[in-house]
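Work through the exercises below with the sequence and the structure at hand. Try each task before reading its solution.

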Amino acid sequence: MTCPECGSSHVLDGLLQGYSNAVFVEKSTENKLRPNAYRTTCRACLDCGRVFDLRIVSTGKRKVGKDRH
């Protein structure tokens, strides 16, 4: 994998994480006690700092992509 910004091969795979995880929350559920939230993965370039290729992934009962079928 190379960085789409600078072409560097110094790329890391990771998760967006904050105090209690950074997640994608489905619109209109954000203010509910249990919002529809998905774990978020991404890649980051060590040379230019760009974060790219953000994706939500399956967790528990929340299935996305090929896991939905």
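## Exercise 1: The chain as a whole

Read from the N terminus, the elements of the chain follow the order β-β-β-β. The model is a predicted one.

Task: State how many helices and strands the chain has, and decide whether the chain is a compact globule or more spread out than one.

Solution. 

Step 1. The count is 0 helices and 4 strands.

Step 2. The radius of gyration of the chain is 14 Å, whereas the globule rule gives 11 Å for 69 residues. The value is well over the rule, so the chain is more spread out than a compact globule.

Step 3. The box that the C-alpha atoms fill, taken along the principal axes, is roughly 40 × 30 × 15 Å.

Step 4. Of the 69 residues in the chain, 17% are buried. The accessible surface comes to about 5,600 Å², and carbon and sulfur atoms account for 49% of this surface.

Step 5. Take the contacts between residues at least 6 apart in sequence: 46% of them join residues at least 24 apart.

## Exercise 2: A glycine in strand β1

Solution. 

Step 1. With a relative accessible area of 31%, G14 is partly exposed.

Step 2. Not counting residues up to four places away in sequence, G14 touches T41 and C42.

Step 3. A37 is 23 residues from G14 along the chain, and the C-alpha atoms of the two are separated by 18 Å.

## Exercise 3: A network of charges

Side chains of opposite charge can pair when their charged atoms come close.

Task: Give the number of salt bridges in the whole structure, then work out which residues are joined into one network.

Solution. 

Step 1. A search of the whole structure finds 4 salt bridges.

Step 2. One of them is formed by the side chains of D13 and R43, at 2.6 Å from N to O. D13 lies in strand β1 and R43 in strand β3, so this pair ties together parts that are 30 residues apart in sequence.

Step 3. The side chains of R43 and D53 also meet in a salt bridge, at 2.5 Å from N to O. R43 is in strand β3 and D53 in strand β4, and the pair links distant parts of the chain, 10 residues apart.

Step 4. A further salt bridge joins the side chains of D53 and R55, at 3.0 Å from N to O. Through shared partners, D13, R43, D53 and R55 form one network of salt bridges.

Step 5. Now consider exposure. D13 has a relative accessibility of 61% and counts as exposed. R43 is partly exposed at 22%, and D53 is partly exposed at 26%.

## Exercise 4: Positive phi angles

Task: For S28 and D53, give the phi angle and the place in the chain.

Solution. 

Step 1. S28 is not a glycine, yet its phi is positive, about 80 degrees. S28 sits in the loop between β2 (23-25) and β3 (37-45). Its relative accessible area is 57%. Exposed means over 50%, so S28 is exposed.

Step 2. D53 is not a glycine either, and its phi is positive at about 60 degrees. The place of D53 is in strand β4.

## Exercise 5: A nonpolar patch

Task: Which residues make the nonpolar surface patch of about 240 Å²?

Solution. 

Step 1. The patch is made by L16, V51 and L54.

Step 2. L54 belongs to strand β4, which covers residues 51-57.

Definitions and conventions: Residues are numbered from 1 along each chain as its sequence is written. This is a predicted model: local features need pLDDT of at least 70, side-chain atom pairs count only at pLDDT 80 or more; totals for chains, interfaces and linings use all residues. Side-chain values use heavy atoms; hydrogens and water are left out. Buried means under 20% relative accessible area, exposed over 50%, partly exposed in between (1.4 Å probe, protein chains only). Contact means heavy atoms within 4.5 Å. Patches are made of residues with over 30% relative accessible area and no salt bridge: like charges are joined within 9 Å, nonpolar side chains (Val, Leu, Ile, Met, Phe, Trp, Tyr) within 5 Å. Accessible areas come from the Shrake-Rupley method with a 1.4 Å probe; for residues, only the protein chains shown count as cover. Helices (H or I, at least four residues) and strands (E, at least two) are DSSP runs, numbered from the N terminus. The radius of gyration is taken over C-alpha atoms; the globule rule is 2.2 Å times the number of residues to the power 0.38.
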